[in-house]
Amino acid sequence: MATRWEAAFDLALELGRAAWENAGDVPVGAVVLDAAGAIVAAGANERELTGDPTAHAEVVALRRAAAALGSWRLTGHTLVVTLEPCAMCAGALTAARVARLVYGADDPKAGAVASLWDVVRDPRLPHRVEVTRGIRAADCADLLRAFFAYHRPGR
C-alpha cells in the first residue's frame with residue numbers, strides 16, 4: 001500500500017543500506033520533510049563513520065535540516081525514520097519542535113516512542129510529537145535483521 005511517505009521511506013532505506021555497506025553501521029535512515037512533504041534533509045547512522053556516539057540517523061537528519069533552514073526550530077516538519085527512535089533521538093525530536101514522527105520498525109530493546117517509553121508524547125514536556133508507526137515495518141525490520149544476522153551469526 002502506497003503512503004504519502006513512500007518516497008521518504010525509499011530514501012531512508014537506501015541511506016540505511018549505504019550506512020551498512022560503506023561504514024558497517026546499523027542500517028537506519030531518516031528523512032526530514034517540510035509541511036508540504038518536500039525533502040529538507042536526510043541522514044543515516046554515522047557512529048562508525050565519525051566515531052560520534054550521538055550520530056544516530058535522526059540526529060544527523062535533524063542537524064542537517066536545521067542547517068538548511070537556518071533554525072533549530074523544525075515546527076511543522078515531519079521526521080521519517082526506519083526504526084523507532086531511542087531516548088536520545090526522541091528527546092531531540094521534542095527539542096527541535098518536530099510536528100510529526102513517522103517510523104517503520106519498532107525497537108523493543110531501546111524504543112522510546114512506543115516500545116519502552118513514550119518520550120515524544122509525554123505531557124510533562126513542553127512539546128509533543130504526533131506519531132505514526134509501522135509504515136513499511138517489514139522492509140525496515142528485514143534490513144535490520146539482515147544486518148544483525150550478518151554481524152552476529154548463530155545468535
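Q: Where is the place of Arg-97?
A: The model is a predicted one. In it, Arg-97 has a phi near 65°, a positive value in a residue that is not glycine. The place of Arg-97 is the loop between α4 (87-95) and β4 (100-105).

Q: Is Arg-97 buried, partly exposed or exposed?
A: Buried would need a relative accessible area under 20%, and exposed one over 50%. Arg-97 has a relative accessible area of 29%, so it is partly exposed.

Q: In which loop is Arg-136, with its positive phi, found?
A: Arg-136 is not a glycine, yet its phi is about 55°. Its position is in the loop between β5 (130-133) and α5.

Q: How do helix α1 and helix α5 run relative to each other, roughly parallel or roughly antiparallel?
A: Helix α1 covers residues 6-23 and helix α5 residues 137-151; their axes are 11 Å apart and meet at an angle of about 5°. Angles under 35 degrees count as roughly parallel. The angle between α1 and α5 therefore makes them roughly parallel.

Q: How many residues in the contact of α1 with α5 are nonpolar?
A: On the α1 side the contact is made by Phe-9, Leu-13, Gly-16, Arg-17 and Trp-20. On the α5 side it is made by Asp-139, Cys-140, Leu-143, Ala-146, Phe-147, Tyr-150 and His-151. Two of the contact residues are polar, two are charged, and the nonpolar ones number eight.

Q: Which residues do ring pairs link into a cluster?
A: Across the whole structure there are three aromatic pairs. One of them joins Phe-147 and Phe-148, with 4.9 Å centre to centre and 85° between the planes, an edge-to-face arrangement. The cluster linked by ring pairs consists of Trp-20, Phe-147, Phe-148 and Tyr-150.

Q: With which side chain does the side chain of Glu-46 make a polar contact?
A: Glu-46 sits in the loop between β2 (39-44) and α2 (47-50), and it is buried at a relative accessible area of 17%. Beyond its neighbours within four places in sequence, Glu-46 is in contact with Asp-25, Gly-51, Ala-55, Val-60 and Arg-64. The polar contact, at 2.7 Å, is with the side chain of Arg-64.

Q: How far is the backbone oxygen of Val-26 from a polar atom of the side chain of Asn-45?
A: Asn-45 is in the loop between β2 and α2 and is buried at 8% relative accessibility. For the backbone oxygen of Val-26 and the polar side-chain atom of Asn-45, the distance is 3.0 Å.

Q: How far apart in space are Ala-137 and Leu-83, C-alpha to C-alpha?
A: Ala-137 lies in helix α5 and is partly exposed at 26% relative accessibility. Setting aside neighbours within four places in sequence, Ala-137 is in contact with Gly-104 and Ala-105. Ala-137 and Leu-83 are 54 residues apart in sequence, and their C-alpha atoms are separated by 8.5 Å.

Technical notes. Residues numbered from 1 in each chain as written. Predicted model: local features only at pLDDT ≥ 70, side-chain atom pairs only at ≥ 80, totals over all residues. Heavy atoms only, no water. Phe/Tyr/Trp six-rings, centres within 6.5 Å; stacked < 30°, edge-to-face > 60°. Axes fitted to C-alpha atoms, helices over the stretch in contact; angles between N-to-C directions. Helix = DSSP H or I, 4+ residues; strand = E, 2+ residues; numbered from the N terminus. Parallel < 35°, antiparallel > 145°, perpendicular 65-115°, else oblique. Contact = heavy atoms within 4.5 Å. Nonpolar A, V, L, I, M, F, W, Y, C, P; charged D, E, K, R; others polar. Buried < 20%, exposed > 50% of the residue type's maximum accessible area, 1.4 Å probe, protein only. Polar contact = N/O pair within 3.5 Å; in protein donor to acceptor, adjacent residues only side chain to side chain.
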